[in-house]
Amino acid sequence: VNVSTMKSSKFYQSFRAKIDHWEGTLSLVSEVLDIITTIQRKWMYLESIFKAQDIQRQLPTEYKQFDQVNRMWLDVMRKTAHDPTAIKCGTTPKLLESFEKANGILDRIQKQLEDYLETKRQAFPRFFFLSNDELLEILSQARDPQAVQPHLIKCFDNIKRLDFGSSPTSIEISAMTSQEGEVVPLSKT
């Protein structure tokens, strides 16, 4: 606001170089801060997804792309923590271009993740009743069939819980339990 006020002043021509320099610098810092906020939101969402080893195995290309952005992001954040001066950090050469590239990569990863979830929903249509986060939680724990328990009620009408037998690692379902507590034993596991 102050720079804009100075530009409209009758003394602008006398200080034109300095005012234009500050306007460009502040504009660049503002752009960098905007894209940092955008990337941070996407990074936080995707980081929790790609922490799961099952997802890393199921989406290796996307994981490699995310890992590349993750390393760049952490490196920039480390440097910023050492010298948190906004003007200095925000005007680092090629920083804006790096962030724009990273933002594009994160957009592509999110699109590929959506496509992946869509294929899972096509294979098992009851997954359409789950949000992306819930479906990702199930898929990230694919080796643990009991991880589906909290989401059963959304997938199947009035099935609250499945009984997997006495062993905590059992994968054989012996009964279904309704929301009202009614138990339906299965004759075959």
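## Nonpolar patch

Ile-87 sits in helix α5 (residues 86-90); helices here are DSSP runs of H or I with at least four residues, and strands are runs of E with at least two, numbered from the N terminus. The model is predicted: local features need pLDDT of at least 70, side-chain atom pairs count only at pLDDT 80 or more, and totals for chains, interfaces and linings use all residues. Residues are numbered from 1 along each chain as its sequence is written, and side-chain values use heavy atoms, without hydrogens and water.

Ile-87 has 32% relative accessibility and therefore counts as partly exposed (buried is under 20%, exposed over 50%, partly exposed in between; 1.4 Å probe, protein chains only). With Trp-22 and Leu-26, Ile-87 makes a nonpolar surface patch of about 260 Å². Patch residues have over 30% relative accessible area and no salt bridge, with nonpolar side chains joined within 5 Å and like charges within 9 Å. A salt bridge is a side-chain nitrogen of Lys or Arg within 4 Å of a carboxyl oxygen of Asp or Glu.

## Negative patch

Glu-31, Asp-34, Glu-97 and Glu-100 form a negative surface patch. Helices α2 (16-50) and α6 (95-123) each supply at least two of its residues. Glu-100, in α6, is partly exposed because its relative accessibility is 43%.

## Buried positions

In helix α7 (residues 132-140), the buried residues are Glu-134, Leu-135, Leu-136, Ile-138, Leu-139 and Ser-140. They pack against α2, α3 (53-58), α6 and α8 (152-155).

Ser-178 lies in the loop between β2 (175-177) and β3 (183-185). Its relative accessible area is 8%, so Ser-178 is buried. Beyond neighbours within four places in sequence, Ser-178 is in contact with Asn-158 and Lys-160 (heavy atoms within 4.5 Å).

How values were computed:
Areas by Shrake-Rupley, 256 points an atom, 1.4 Å probe, with all protein chains shown as cover. Lys, Arg positive; Asp, Glu negative; His and termini not counted. Charge placed at Lys NZ, Arg CZ, Asp CG, Glu CD.
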